[in-house]
Amino acid sequence: MFGKGDYIVYGTTGVCQVRDITAMSQGEGGNEKLYYVLEPVGVAGSRIMTPVEGNKSILRPIVSREEAYRLIDGIREVDQLRIADDKQREFMYKEALKTCDCRKWIGIIKTLHFRKKDRLARGKRLTEVDERYLKKAKENLYRELSIPLEIPAGEVEKFITERIEGREEVVS
């Protein structure tokens with residue numbers, strides 16, 4: 001069970017802060033059930049009520065500072081998504097997002113980074129679907145990493161790039 005103030009990842013919503021835990025009755029004469037009152041990070045004024053037990057969506061704690069650094073340092077080893085054809089593309093993005101797994105989010109970002117480079121070389125832009133899922137994967141990953149790294153979400157991409165480039169210089 002999470003406590004008030006904890007940061008968690010809640011399904012496809014992404015990072016939320018537990019604002020409260022409250023009991024609500026289930027209909028007339030029904031038993032009381034505990035609910036989390038969640039506030040999505042970066043969405044001021046928004047609240048989500050979700051059951052503490054029997055939740056159908058993934059609820060997990062955000063990564064720790066050490067896990068964040070290990071994740072960033074291992075980005076090169078994260079595989080791109082294997083997409084057989086364009087008809088499967090959106091389905092694969094959606095499934096990867098639903099896992100609430102940072103490595104899967106990185107897989108989406110890497111896949112679309114290389115797809116974007118390839119399309120730009122051919123004089124094309126990313127499709128709307130690609131842009132939408134790239135944005136969502138980045139938002140989810142950067143909002144989560146920003147908390148243990150104690151930097152604004154808007155600076156996480158730069159932080160990752162500098163850390164990866166810095167490690168390459170050490171190895172060279």
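This is a predicted model: local features need pLDDT of at least 70, side-chain atom pairs count only at pLDDT 80 or more; totals for chains, interfaces and linings use all residues.
Q: What holds neighbouring strands together in general?
A: Strands of a sheet pair through backbone hydrogen bonds, and the pairing can be parallel or antiparallel.

Q: OK, back to this one. How many bridges join strand 2 to strand 3?
A: There are 9 bridges between strand 2 (residues 14-25) and strand 3 (residues 32-40), and the two run antiparallel. To pick out a spot there, aspartate 20 is opposite valine 37 of strand 3.

Q: What about strand 3 and strand 4?
A: Those two are also joined, by 4 bridges, with strand 4 spanning residues 48-51 and running antiparallel to strand 3. Here you can look for tyrosine 35, which stands opposite proline 51 in strand 4.

Q: And how many bridges does strand 1 make with strand 5?
A: Strand 1 (residues 7-10) pairs with strand 5 over 3 bridges, in the antiparallel sense. Valine 9 has arginine 60 of strand 5 as its bridge partner.

Q: Now the helices. How do helix 1 and helix 4 cross?
A: The axes of helix 1 (residues 65-73) and helix 4 (residues 128-149) come within 8 Å of each other and cross at roughly 130°. That angle makes helix 1 oblique to helix 4.

Q: Is that crossing left-handed or right-handed?
A: The crossing of helix 1 and helix 4 is left-handed.

Q: Which residues meet there?
A: From helix 1, Arg65, Ala68, Tyr69, Leu71 and Ile72 meet Leu141, Leu145, Pro148 and Leu149 of helix 4. By class, the contact of helix 1 with helix 4 has 8 nonpolar residues, 1 charged one and no polar ones.

Q: What does lysine 33 touch?
A: Leaving out residues up to four places away in sequence, lysine 33 touches Thr22, Ala23, Met24, Gln26, Pro51 and Glu53.

Q: How many Å separate the C-alpha atoms of lysine 33 and lysine 117?
A: They are separated by 50 Å, and the two residues are 84 residues apart along the chain.

Q: Next, cysteine 100. What is its phi?
A: Phi of cysteine 100 is near 60°, a positive value in a residue other than glycine. Cysteine 100 is in the loop between helix 2 (86-98) and helix 3 (102-121).

Q: Is cysteine 100 buried or exposed?
A: Cysteine 100 is buried, because its relative accessible area is 1%.

Q: And what about glutamate 150?
A: Glutamate 150 has a positive phi too, about 55°, although it is not a glycine. You'll find glutamate 150 in the loop between helix 4 and helix 5 (156-171). Glutamate 150 has 67% relative accessibility, so it counts as exposed.

Notes. Residues are numbered from 1 along each chain as its sequence is written. Side-chain values use heavy atoms; hydrogens and water are left out. Axes are lines fitted to C-alpha atoms, for helices over the stretch in contact, and angles run from 0 to 180 degrees between N-to-C directions. Angles under 35 degrees count as roughly parallel, over 145 as roughly antiparallel, 65 to 115 as roughly perpendicular and the rest as oblique. A crossing is left-handed if the near helix is turned anticlockwise from the far one by less than a right angle, and right-handed if clockwise. Contact means heavy atoms within 4.5 Å. Ala, Val, Leu, Ile, Met, Phe, Trp, Tyr, Cys and Pro count as nonpolar, Asp, Glu, Lys and Arg as charged, and the others, Gly among them, as polar. Two strands pair if DSSP finds at least two bridges between them. Buried means under 20% relative accessible area, exposed over 50%, partly exposed in between (1.4 Å probe, protein chains only).
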